[in-house]
Amino acid sequence: MNDVTRRDTPREPAETQASERDLGRALQPAVDIREEGNALHLIADMPGVTSDSLSIEVDNSVLSIEGEIRLDMPEGMSAIYAEVQAQRFARRFTLSHEIDAGAIEARLDNGVLHLLLPKKQTHHRRRIEIRAA
């Protein structure tokens with residue numbers, strides 16, 4: 001499995017403390033990662049997140065996914081009990097050197113984020129032809 005499955009990349013102490021504090025107030029979305037062809041597919045459940053409130057960034061091979069939870073209540077109604085107290089999702093992954101960070105594609109459909117993480121051309125699987133002697 002690739003490094004993309006590692007999360008919460010070690011950082012400088014001050015940055016780590018701030019980052020840990022920020023992540024501590026956020027929910028970690030459930031994520032599935034599968035390899036198919038020459039790419040990895042990352043699927044994250046982020047209910048209540050819209051494309052306007054979603055942020056996806058890659059910095060120093062760290063993929064950051066953050067989204068504000070916006071659950072609209074019908075007018076005149078309010079929740080009398082809510083177990084989910086966080087207002088956002090956040091999760092970070094260290095990308096493998098095999099991933100072409102410049103070619104990552106994202107799609108959000110009904111609160112399910114699908115990221116396509118293509119491998120660099122040099123890491124594509126290829127068949128070696130054998131010539132007869």
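## The largest pocket

Leu27, Pro47, Ile69, Leu71, Met73, Ala79, Tyr81, Ala82, Val84, Ala86, Gln87 and Phe89 line the largest pocket of this predicted model. A pocket here is an open set of points on a 1 Å grid over the protein atoms alone, where a 1.4 Å probe fits, with protein on both sides within 12 Å along at least five of seven lines; lining residues have an atom within 4 Å of a point. The volume of the largest pocket is about 240 Å³, taken as the space filled by probe spheres set on the points, with grid points joined across faces, edges and corners.

By residue class, the lining has eleven nonpolar residues, one polar and no charged. In this scheme Ala, Val, Leu, Ile, Met, Phe, Trp, Tyr, Cys and Pro are nonpolar, Asp, Glu, Lys and Arg are charged, and the others, Gly among them, are polar.

## Confidence and conventions

Residues are numbered from 1 along each chain as its sequence is written. As this is a predicted model, local features need pLDDT of at least 70 and side-chain atom pairs count only at pLDDT 80 or more, while totals for chains, interfaces and linings use all residues; side-chain values use heavy atoms, with hydrogens and water left out.

The mean pLDDT (the predictor's confidence in each residue, from 0 to 100) is 84, and 82% of the residues reach 70 or more. Over residues 9-16 pLDDT stays under 50, and the model has six contacts (heavy atoms within 4.5 Å) for them beyond four places in sequence. Where pLDDT is low, the predicted coordinates should not be read in detail.

## Fold and core

The protein has one helix and seven strands, which run α-β-β-β-β-β-β-β from the N terminus on. These elements are DSSP runs numbered from the N terminus: helices are H or I with at least four residues, strands E with at least two. Of the contacts with a separation of 6 or more, 59% are between residues 24 or more positions apart. Of the 133 residues, 32% count as buried; buried means under 20% relative accessible area, exposed over 50% and partly exposed in between, with a 1.4 Å probe and protein chains only.

The largest nonpolar core has 16 residues, and Leu42, Met46, Leu63, Ile65, Leu113, Leu115 and Leu117 have the most contacts inside it. At least two residues of this core come from each of β2 (39-45), β4 (62-68), β5 (88-94) and β7 (112-118). Such a core is a set of buried Ala, Val, Leu, Ile, Met, Phe, Trp, Tyr and Cys residues joined through side-chain atoms within 4.5 Å. Beyond four places in sequence, the contacts of Leu63 include Leu42, Val58, Phe93, Leu115 and Leu117.

Val58 sits in strand β3 and is partly exposed, with a relative accessible area of 37%. Outside four places in sequence, Val58 is in contact with Leu63, Leu95, Ala101 and Ile104. Its C-alpha atom is separated by 9.4 Å from that of Phe93, 35 residues apart along the chain.

Apart from neighbours within four places, Ser53 is in contact with Glu66, Gly67, Glu68 and Arg70.

Most residues other than glycine have a negative phi. Asn60, in the loop between β3 and β4, has a positive phi of about 50° and is exposed at 72%. Asn110, in the loop between β6 (105-109) and β7, has a positive phi near 55° and is exposed at 77% relative accessibility.
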